[in-house]
Amino acid sequence: MIAAVSGRVDSVNATSFEQELSKAMEGGSSRLVVDCGELSYISSAGLRILLLAVKKTRAQGGGVALCQVQDHVREVLEVSGFTRIMTVRDTVEQAIDSF
Amino acid sequence: MDVTLGIDVGMDQHEPRRVVEVFERFATANGISDLVVQRFCLALDEILTNVISYGFEKVPGKPRIRVDFGLGDGLLEVRIEDNGRSFNPLADAPLPDFTLPVDERPIGGLGIHLAKNLVHDISYRRDKKRNCLTLTQPL
């Protein structure tokens, strides 16, 4: 399943991000690719949702792969230790191939 | 400080985003690099979200939160003050454990860690029953 996220994800809209990701995972696929090409900002409220998605997909034998991550967002992922628990690739195709 | 701007912050979960947007305009108008702006925005967001969510639990009196931006002498400074319960994020916030496997990682607790690690320097003092956090960045 491929989901795209854009703009800002912070404590104001983290809940709708969570709902969108849940919807994307409803189809039963445990492999989730998140296209972050248009994501300009993520705070810990958004990271929390990503972590939940990682836990959920891994429990089903899958995982989460991110792609097209902007530099600032990548720094946030690195400082948070998230690059250890999810795959980060340059392109959507590479993210899909990482599974 | 040559240029300063201060804003009072309300007890509303939408306030951090408003303050961040004011800071973005202030910093960009004064030629601060995108990288520093982005890092400070996140730190401000995380610290304010934390203060608004937890800083005033069981604290009597009217909550007051104030943020001041300053620029001068080759330094960018952001000061966050609140009259909530005594909390030093540099010492009192738990350190996240990145060696934990995914299923044992706690949900949350990353905000203060991000602020501490993305900003060049943060200092804390408790003064007249207020928490005072100062974020600085040499320019």
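1. Salt bridges over all chains come to 11, a salt bridge being a side-chain nitrogen of Lys or Arg within 4 Å of a carboxyl oxygen of Asp or Glu. One of them joins Glu15(B) to Arg18(B), with the closest N and O atoms 2.8 Å apart. Both residues belong to helix 1 of chain B and stand 3 residues apart, about one turn of the helix. Helices (H or I, at least four residues) and strands (E, at least two) are DSSP runs numbered from the N terminus.

2. The model is predicted: local features need pLDDT of at least 70, side-chain atom pairs count only at pLDDT 80 or more, and totals for chains, interfaces and linings use all residues. Residues are numbered from 1 along each chain as its sequence is written, chains are lettered from A and ligands numbered from 1 in the order in which they are written, and side-chain values use heavy atoms, with hydrogens and water left out.

3. The contact between the chains (heavy atoms within 4.5 Å) involves 27 residues from chain B and 26 residues from chain A. Together the two chains bury about 2300 Å², 59% of it on carbon and sulfur atoms; buried area is the accessible area (1.4 Å probe) that two parts lose on being put together, summed over both. Of the area that chain B buries against chain A, 29% is supplied by Arg17(B), Val102(B) and Ile107(B), more than by any other three residues.

4. The interface of chain B and chain A holds 2 salt bridges. The side chains of Arg17(B) and Asp10(A) form a salt bridge, at 2.9 Å from N to O. Side chains of opposite charge can pair when their charged atoms come close.

5. Between chain B and chain A, 9 residue pairs are in polar contact, both residues at pLDDT 80 or more. A polar contact is a pair of N or O atoms within 3.5 Å; within protein, one must be able to donate a hydrogen and the other to accept it, and residues adjacent in sequence count only if both atoms are side-chain atoms. On the side of chain B that touches chain A, helix 1 (15-29), helix 2 and helix 4 of chain B each supply at least two residues. Helix 2 of chain B gives the most to this side, with 8 residues.

6. The largest pocket has a volume of about 670 Å³. Its lining comprises 32 residues, the closest to the centre being Ser44(A), Thr49(B), Asn50(B), Tyr54(B) and Gly109(B). Two or more lining residues come from each of helix 1 (14-25) and helix 2 (44-59) of chain A, and helix 2 (34-54) and helix 4 (111-118) of chain B. On a 1 Å grid over the protein atoms alone, a pocket is an open set of points with protein on both sides within 12 Å along at least five of seven lines, whereas a cavity is a set where a 1.4 Å probe fits but cannot get out; lining residues have an atom within 4 Å of a point.

7. The whole structure contains 1 cavity of 30 Å³ or more. The largest cavity has a volume of about 170 Å³, and among its 14 lining residues Asn50(B), Val51(B), Asp82(B), Phe87(B) and Asn131(B) lie nearest its centre. Helix 2 of chain B gives the most to this lining, with 4 residues.

Notes: Grid points are joined across faces, edges and corners, and a volume is the space filled by probe spheres set on the points.
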